Amino acid sequence: MYVMRLRAMRRLISTHRKLPPCLLNQSRFGFEASTKGGAVVVCEDGAVGVLELQEILQLCARKQLTREGKCCHGLAVQAGLLADTLTCNILINFYSKSGCVDFARRVFDGMPERSLVTWNTMIATHTRHGEDMQALHLFLQMRREGSSLSEFTLSSVLCACAARGAVTESQQLHALALKTAADSNVFVGTAVLDVYAKCKMIRDARLVFDAMPEKSPVTWSSMVAGFAQSDLYEEAVWFFRHAHKMGVELTQFTLSAALSACASIAASTEGKQLHSVAVRGGFAANLFVATSLIDVYSKCGCIREAYSVFRNVEDENIVLWNAMITGFSKHARPHEAMMLFEKMRQRGIQPNEVSYLSVLSACGHVGLVEEGRGYFDLLLRDAVVRPNALHYSCMVDVLGRAGRIDEAWELMRRVPFGGSASMWGSVLNSCRVHGNVELAKIAAQHLFELEPDNAANHVLLSNIYAAGKRWGEVAVARKCLKDSGARKEIGRSWIDVRGKVHSFVVGETKHPRISEIYAKLESLRSEMNRLAYKVEVHHDLHDVGEGQKEELLTHHSERLALAFGLMELPGGTAIRIFKNLRVCGDCHSFMKTASMVITDREIIARDTNRFHHFSRGHCSCGDFW
């Protein structure tokens, strides 16, 4: 029996206190109203009015009072109000905000008449809860029944298309918006732009953006994010600057999108400028912005600045902690990464897949085998997180890099879902480190089948053969690469000087100051020779004489970038060099020795795997990479 006092309901409205406990009996909607003489039972104060019931339902929706809202639904059933469109609309809205999509849909399906609000609310409910196909099907049903549509209808369905990457449907909806003149509405225009951007149709997104008579901060944010998602990072940063100059209201999403673009191209100057903008706008402590800032600083080689941002954020979530743990891992700071992982658990934050991946990677890069085993065992015992292929490949890497290739092989045999490309890649890389040619052949063969278009696997096998001076097999490996049609990536290094990126390849000739760069590099080598530096020609894997090997190594791209940095950056400023491939062994030795000559600044080099911090003849990786 429902016992709901009118006075208690009024008190609920005024003070947001919960309704009195009610007995819920299961039925079609999960409950049914009890009756006494066919009328709603209300003690002392008389019957509940329809308007008051609707008002309480709206309050339950705002406060997500699920149990109390269901009680009101029971009263609505008992009073015969499910034929009333307004009451049903409020019920659908209540169930939507309470996360009970099935109940909302049952109310919708049982309605004898539906208004435009009904359709809009139900479509938006499906979209909001990730049920994109249901939203699209409902929209089609709406059109078949001849119901009119509004800008809200179109924007909701377009959001569903964006989530599914449904290009054809989005173009049809765009045409419908043009036909009904709804495209000038800021919500519809933004939704069309957003779906094109998420489908990487950035040119179409820009056309929509330029045609919009009115633009909201969300519109600008979608455009910035669209450029970043299409790998047009410099355009994303430029667009953000343009929006800022025009006085567009700053949001956490716009800032985060622009910062993500800076992180992708390691644009430290722009990242620092955006940090200043975030501080002035009061967003520096925002979780989204702070996480993006940590990512930017970590990827730009500024790990101290990243940690400073992390320490100043009061609110915490798993993404923020993961960003910092990953940063420490990439910068060969395993003890800081492990400490942060443990501190996170102590604070009651449950590690997720990324957390385990980052801490395992940190152990692998410096040879902490037992610590890696401990975290992997912890992952296997975790009741929430299930280990995936990347976790296993990380553990294989931990063992393989430390020379325990047999144990790594045994672990791969126990993988419940079979060897993946990442696992075989870890094995092949371990074979490179320890010169295990026979196992390298097996790993490479699996990789050729799993990743036929990945030229790096052919190159790595060729390099393993070359390190063992097996030139005949090198020739075969290179022929296989040519026959596969996969394209080898050209080694390239770049450096950011006063906001401008300067790029170099081995034996660079096109840079306008290349003669000065070579002269500076020769001068640096002369100083290093006094420290008994000698080119380690065994790191060059070409079948040529030692003199030619030395010449080839001398002109590697990262050395040219270092020489240019010494010429252009003021004393005391760290030199940050980025490379798209792994730093070779001789260049690593070169940077270490150079850091003994260049004592007034740190040399930071980032390759595909990690950061190397060179200072006074030492590297942060401890020569284990």
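**How the helices pack**

Modeller: Let's start with helix α2 (residues 50-63) and helix α4 (residues 85-97), whose axes come within 8 Å and cross at roughly 20 degrees. Before going further: this is a predicted model, in which local features need pLDDT of at least 70 and side-chain atom pairs count only at pLDDT 80 or more, while totals for chains, interfaces and linings use all residues. Residues are numbered from 1 along each chain as its sequence is written, and side-chain values use heavy atoms, with hydrogens and water left out.

Now the words. Helices (H or I, at least four residues) and strands (E, at least two) are DSSP runs, numbered from the N terminus. An axis is a line fitted to C-alpha atoms, for helices over the stretch in contact, and angles run from 0 to 180 degrees between N-to-C directions. Angles under 35 degrees count as roughly parallel, over 145 as roughly antiparallel, 65 to 115 as roughly perpendicular, and the rest as oblique.

So α2 and α4 are roughly parallel to each other. The way α2 passes α4 is a left-handed crossing; that term applies if the near helix is turned anticlockwise from the far one by less than a right angle, and right-handed if clockwise. From α2, the contact (heavy atoms within 4.5 Å) uses Val-50, Gln-54, Leu-57, Gln-58, Cys-60 and Ala-61, and from α4 it uses Leu-86, Thr-87, Ile-90, Leu-91, Asn-93, Phe-94 and Lys-97. By class, the residues of this α2 and α4 contact are eight nonpolar, four polar and one charged. In that sorting, Ala, Val, Leu, Ile, Met, Phe, Trp, Tyr, Cys and Pro are nonpolar, Asp, Glu, Lys and Arg are charged, and the others, Gly among them, are polar.

Helix α14 (residues 252-264) and α15 have axes that come within 9 Å and cross at roughly 160 degrees. That angle is why α14 and α15 are roughly antiparallel to each other. Their crossing is left-handed. Leu-255, Ala-258, Leu-259 and Cys-262 of α14 meet Glu-270, Gly-271, Leu-274 and Ala-278 of α15. Sorted by class, the α14 and α15 contact has six nonpolar, one polar and one charged residues.

The other partner is helix α13 (residues 233-245), which packs with helix α15 (residues 268-280) at an angle of about 35 degrees, the axes being 12 Å apart. Here too, α13 passes α15 in a left-handed crossing. On the α13 side you'll find Val-237, Phe-240, Arg-241 and His-244, and they meet Glu-270, Gln-273, Leu-274, Val-277 and Arg-280 in α15. That contact of α13 with α15 divides into four nonpolar, two polar and three charged residues.

Arg-164 sits in helix α8 (residues 151-164), and it touches Asp-132, Met-133 and Leu-136, leaving aside residues up to four places away in sequence. Its C-alpha atom is 9.2 Å from that of Cys-199, 35 residues apart along the chain. With a relative accessible area of 48%, Arg-164 is partly exposed; buried means under 20%, exposed over 50%, and partly exposed in between (1.4 Å probe, protein chains only).

Glu-371, in helix α21 (residues 369-381), also counts as partly exposed, at 33% relative accessibility. Again not counting residues up to four places away in sequence, Glu-371 touches Met-338 and Cys-363. The C-alpha atoms of Glu-371 and Met-338 are separated by 9.0 Å, though the two are 33 residues apart along the chain.

Ala-181 has a positive phi of about 60 degrees without being a glycine; you'll find it in the loop between α9 (167-179) and α10 (186-198). Ala-181 is exposed, at 52% relative accessibility. Lys-200 has a phi near 60 degrees, also positive in a residue other than glycine, and lies in the loop between α10 and α11 (202-211). Lys-200 is exposed, with a relative accessible area of 52%.
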